Amino acid sequence: MAGISGHWAFAFGILGNIISFIVFLSPIPTFYKIYKKKSTEGYQSIPYVVALFSSMLWIYYALLKTNTTLLITINSFGVFIETIYVGFYLFYAPKKDRVQTIKMLMLSVVGGFGAIVLVTEFLFKGVVRGQVVGWICLIFSLCVFVAPLGIVRQVIKTKSVEYMPLLLSIFLTLSAVVWFFYGLLLKDINIAAPNVLGFIFGILQIVLYVIYNKKEKVILKEQKLPEIQKAAVIVSDDNTNVNKKLPELTQEQIIDIVRLAGLLANTDKVQVATCPHDHANCGVKATPNVENMPKLQTVEAS
């Protein structure tokens, strides 16, 4: 029975390595954007510093245990890739963010990890040391899994899934499931327990994505305004019973027509007003001043 359990643990460990490998590579598009912009504006270094610290902590725990080689392999890659991410961030970050990131590195990686190693090495021996480090890993992993609650809150508040990629949520959920069974088969609660919470939050993120992604599509569909059809002038010819569609008048042509109409109206008013006093010119139609009239552009019928 123990042999079968060991084989299954190895299988889940290999699968966990593959999925976690993909998760570790998921920030590459983000750093490509940083490279294109030559700036880290809008991005934070906290996730990469935390991931680096977490990987170092799990390597230390795995070294104190037996049959945890696959835990060492994936977290060694994690330390490698997260170090590259942090270095890349420091290279393109402005001075303020660079200083803040260095402070976090000194506090967590140097100070925090160094203190854990020194305390556990000098104060605890044998199995107890492994248990203490395991509980530290468990507590820290729970904090890491609770961190996405900020993103969940933002999704609910803004009703937008822009900052919660579906693919990453799926891979994180699968990773939690695989590592849970790996820890369960090894009878290691420190590995299995945190991934229960990781699975719950992963499912929550996927459900929220499905709900709010549909709402976004409905809102965008409702916001699409119907196209306004342009008015067309249609002239009916009584002799041929053929309707001819004239091209649409431009704004300048419409303004010219309005000016012409106003000029003709003003001319008629002046003539009527002077007619009672000028009996000689009564009944004579005033001729508008053609020179002051605006020139109309010719419109050809199609």
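Modeller: Helices here are DSSP runs of H or I with at least four residues, numbered from the N terminus. This is a predicted model, where local features need pLDDT of at least 70, side-chain atom pairs count only at 80 or more, and totals for chains, interfaces and linings use all residues. Residues count from 1 along each chain as its sequence is written, and side-chain values use heavy atoms, without hydrogens or water.

Biologist: Which element gives the most to the lining of the second largest pocket?

Modeller: That's α6, with three residues. A pocket is an open set of 1 Å grid points over the protein atoms alone where a 1.4 Å probe fits, with protein on both sides within 12 Å along at least five of seven lines; lining residues have an atom within 4 Å of a point.

Biologist: And what is the volume of the second largest pocket?

Modeller: About 220 Å³, taken as the space filled by probe spheres on the joined points. Of its 13 lining residues, Tyr-61, Lys-65, Leu-186, Lys-187 and Asp-188 are the closest to the centre. Both α6 (126-146) and α9 (189-223) give two or more residues to the lining.

Biologist: New topic: at what angle do α2 and α4 cross?

Modeller: Roughly 20°, and the axes of α2 (residues 28-37) and α4 (residues 69-92) come within 11 Å. The two helices are therefore roughly parallel (under 35 degrees).

Biologist: Nice, which residues make the contact?

Modeller: With heavy atoms within 4.5 Å as the cut-off, α2 brings Ile-28, Phe-31, Ile-34 and Tyr-35, while α4 brings Tyr-85, Phe-88, Tyr-89 and Tyr-92. By class, that contact has eight nonpolar, no polar and no charged residues.

Terms used. Axes are lines fitted to C-alpha atoms, for helices over the stretch in contact, and angles run from 0 to 180 degrees between N-to-C directions. Angles under 35 degrees count as roughly parallel, over 145 as roughly antiparallel, 65 to 115 as roughly perpendicular and the rest as oblique. Ala, Val, Leu, Ile, Met, Phe, Trp, Tyr, Cys and Pro count as nonpolar, Asp, Glu, Lys and Arg as charged, and the others, Gly among them, as polar.
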